[in-house]
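Student: I would like a close look at one part of this model, the packing of its helices on each other and on the sheet. Please set it in the context of the whole fold.

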Amino acid sequence: MEWERKLREEGFIEVGDFRIELTLDNTFLDLDYIPRVIVYDEETSCWHVLRNPIPKGKSLKEGWDNAVKVLEAIARGDADPVLGDDEVGERLQKALRELYKNGQTTP
């Protein structure tokens with residue numbers, strides 16, 4: 001799908017009221033960085049960290065691919081987004097499902 005390619009290549013996509021970005025987290029303060037997905041919600045003007053588990057991968061590229069796979073699972077309805085705000089999560093999942101269902105490219 002086009003949106004997955006764009007997310008991998010550009011590091012972000014905009015879907016409805018959301019900006020979804022790939023980023024790295026070194027929360028554990030060691031040398032390993034963990035792939036993360038952050039989501040900006042225009043409606044609430046807040047950033048959220050997607051807390052669904054993302055496998056690290058053996059390379060940065062594999063880590064990004066794993067992050068995109070988590071978003072694909074949310075878009076398919078196989079997983080719910082864990083954002084710490086159920087209402088925002090529901091709206092994000094709805095936006096991703098529409099994108100996935102329609103096979104659309106990002107706006």
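Student: Read along the sequence, what pattern does the protein follow? And how do helices α2 and α3 pack?

Tutor: This is a predicted model, in which local features need pLDDT of at least 70 and side-chain atom pairs count only at pLDDT 80 or more, while totals for chains, interfaces and linings use all residues. Residues are numbered from 1 along each chain as its sequence is written, and side-chain values use heavy atoms, with hydrogens and water left out.

The pattern is α-β-β-β-β-α-α. That gives 3 helices and 4 strands. Both are DSSP runs numbered from the N terminus: helices are H or I with at least four residues, strands are E with at least two.

Take the helix pair. Helix α2 covers residues 60-76 and helix α3 covers residues 86-102. They pack at an angle of about 90°, and their axes are 7 Å apart. Axes are lines fitted to C-alpha atoms, for helices over the stretch in contact; angles run from 0 to 180 degrees between N-to-C directions. The angle makes α2 roughly perpendicular to α3, a label for 65 to 115 degrees. From α2, the contact (heavy atoms within 4.5 Å) uses L71, I74, A75 and R76. From α3, Q93, L96, R97 and Y100 take part. By class, this contact has 5 nonpolar, 1 polar and 2 charged residues. Here Ala, Val, Leu, Ile, Met, Phe, Trp, Tyr, Cys and Pro are nonpolar; Asp, Glu, Lys and Arg are charged; the others, Gly among them, are polar.

Now the sheet. It is open, with 4 strands in the order β1-β2-β3-β4 and antiparallel pairing. Two strands pair if DSSP finds at least two bridges between them. The edge strands, each pairing on one side only, are β1 (12-15) and β4 (46-49). Neighbouring strands are turned by 25° against each other on average, direction ignored. Between β2 (residues 18-25) and β3 (residues 34-41) there are 8 bridges. L22 stands opposite V37 in β3.

Helices also meet this sheet. α1 (residues 2-10) packs on it and touches β1 and β2. The direction of α1 makes about 135° with that of β1. α3 lies across β1, β2, β3 and β4, running at about 105° to β2.

Finally, the whole protein. Of its 107 residues, 43% count as buried, meaning under 20% relative accessible area with a 1.4 Å probe, protein chains only. Among contacts with a separation of 6 or more, 44% come from residues 24 or more positions apart.

Technical notes. Angles under 35 degrees count as roughly parallel, over 145 as roughly antiparallel, 65 to 115 as roughly perpendicular and the rest as oblique. Buried means under 20% relative accessible area, exposed over 50%, partly exposed in between (1.4 Å probe, protein chains only).
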